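Reader: Hi, I'm new to this one. Could you walk me through what's there?

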Amino acid sequence: MIKAIAIDDELPALKIIENFCEKTGLIELQKTFSMPNEALKHLSKFPTDLLFLDINMPSMSGIDLYKSIEQNTMVIFTTAYSEFAVEGFNLNAIDYLLKPYTYERFLQAVNKANDNFGTAGTLEKNMEQYLFVRADYSLIKIAINDIVLIEGLDDYLKIHLINNPKPIVTRMTMKGIMEKLSATEFIRVHRSFIIPFSKIENVRKKMIAIGGKEIPIGSSYEADFNAIFKK
């Protein structure tokens with residue numbers, strides 16, 4: 001059985017999750033919480049396999065709550081607002097349930113969690129295999145391993161990919177995309193450049209050769225880059 005808790009500031013929503021979990025026969029719903037801070041206290045003491053987590057809560061968003069927990073836990077986000085879906089999937093969520101959802105849709109999400117159960121512990125939270133960004137009026141799925149270089153242009157980014165001559169341009173800040181990438185795999189080396197360690201070809205005289213380009217190492221980023229790169 002998958003051990004789960006549900007967090008939602010609306011009590012009727014928690015009751016629906018409770019009833020649906022019992023109906024599946026796959027989920028042991030141990031507790032429900034209407035206050036995110038109480039859920040965080042529980043999660044700091046007890047291992048949990050799965051969260052049913054509302055995103056739009058007044059005291060703390062579900063996104064912020066999930067980012068703050070230390071244990072590797074699967075999450076199924078629930079919300080009435082579809083615009084939060086991109087952020088949810090960027091956090092490697094098992095699924096995203098748009099309220100009001102049917103039992104059949106709920107069961108589909110639970111089955112995904114059940115398929116992932118047992119392997120979730122080997123996945124590091126926030127180490128996404130894919131990144132979703134908005135570009136050209138579409139939601140584009142980018143494989144993390146395909147990223148060669150990220151270039152900042154004011155409030156926009158150019159994401160250069162392997163075997164793709166045209167970069168993807170998306171409205172996002174450098175800080176914003178760094179929060180979605182693994183700090184052990186990507187590093188900011190200049191106010192305008194983020195690179196993956198695995199794609200570095202060579203480093204010479206404060207210049208990094210990567211993807212057929214030469215990227216300068218900014219003076220304020222040099223110490224951090226050298227400390228990590230030497231490891």
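**A first look around**

Author: Let's start at one spot: lysine 205 is exposed, with 74% relative accessibility (buried means under 20% relative accessible area, exposed over 50%, partly exposed in between, using a 1.4 Å probe and protein chains only). Lysine 205 sits in the loop between strand 13 and strand 14, where helices (H or I, at least four residues) and strands (E, at least two) are DSSP runs, numbered from the N terminus. Before going further: this is a predicted model, where local features need pLDDT of at least 70, side-chain atom pairs count only at pLDDT 80 or more, and totals for chains, interfaces and linings use all residues. Residues are numbered from 1 along each chain as its sequence is written, and side-chain values use heavy atoms, with hydrogens and water left out.

Reader: OK, and what's the phi of lysine 205 like?

Author: Phi there is near 50°, which is a positive value in a residue other than glycine. Tyrosine 137 also has a positive phi, about 60°, although it is not a glycine.

Reader: Where is tyrosine 137, and is it buried or exposed?

Author: Tyrosine 137 is in the loop between strand 6 (130-135) and strand 7 (138-143). With 90% relative accessibility, tyrosine 137 counts as exposed.

Reader: Let's zoom out. How many helices and strands does the protein have?

Author: Seven helices and 15 strands. The C-alpha trace spans about 60 × 40 × 30 Å along its principal axes. Of the 231 residues, 45% are buried.

Reader: And what share of the contacts join residues at least 24 apart?

Author: Taking contacts between residues at least 6 apart in sequence, 50% join residues at least 24 apart. Contact here means heavy atoms within 4.5 Å.

Reader: How many residues apart in sequence are leucine 50 and isoleucine 5?

Author: They are 45 residues apart in sequence, and 6.7 Å apart in space, C-alpha to C-alpha.

Reader: What about methionine 1, buried or exposed?

Author: Methionine 1 is exposed, at 58% relative accessibility. You'll find methionine 1 in the segment before strand 1 (2-7). Not counting residues up to four places away in sequence, methionine 1 touches Gly25, Leu26, Ile27, Glu28, Asp49 and Phe117.

Reader: Switching topic: how many salt bridges are there?

Author: The count is six, a salt bridge being a side-chain nitrogen of Lys or Arg within 4 Å of a carboxyl oxygen of Asp or Glu. One of them joins the side chains of aspartate 95 and arginine 105, at 2.8 Å from N to O. Aspartate 95 is in strand 5 (residues 95-98) and arginine 105 in helix 5 (residues 103-116), so this pair ties together parts that are 10 residues apart in sequence.

Reader: Which lysine forms a salt bridge with aspartate 95?

Author: Lysine 112, with the closest N and O atoms 3.2 Å apart. Lysine 112 is in helix 5 and aspartate 95 in strand 5, so the pair links parts 17 residues apart in sequence.

Reader: Where else can I find a salt bridge?

Author: Glutamate 222 and lysine 206 meet in one, at 3.5 Å from N to O. Glutamate 222 lies in helix 7 (residues 222-229), and lysine 206 in the loop between strand 13 (200-204) and strand 14 (207-210), so the pair ties together parts 16 residues apart in sequence. Salt bridges that share partners also join Asp8, Asp54 and Lys99 into one network.

Reader: What kind of peptide bond runs from lysine 99 to proline 100?

Author: That bond is cis, with omega near -10°. Proline 100 is in the loop between strand 5 and helix 5.
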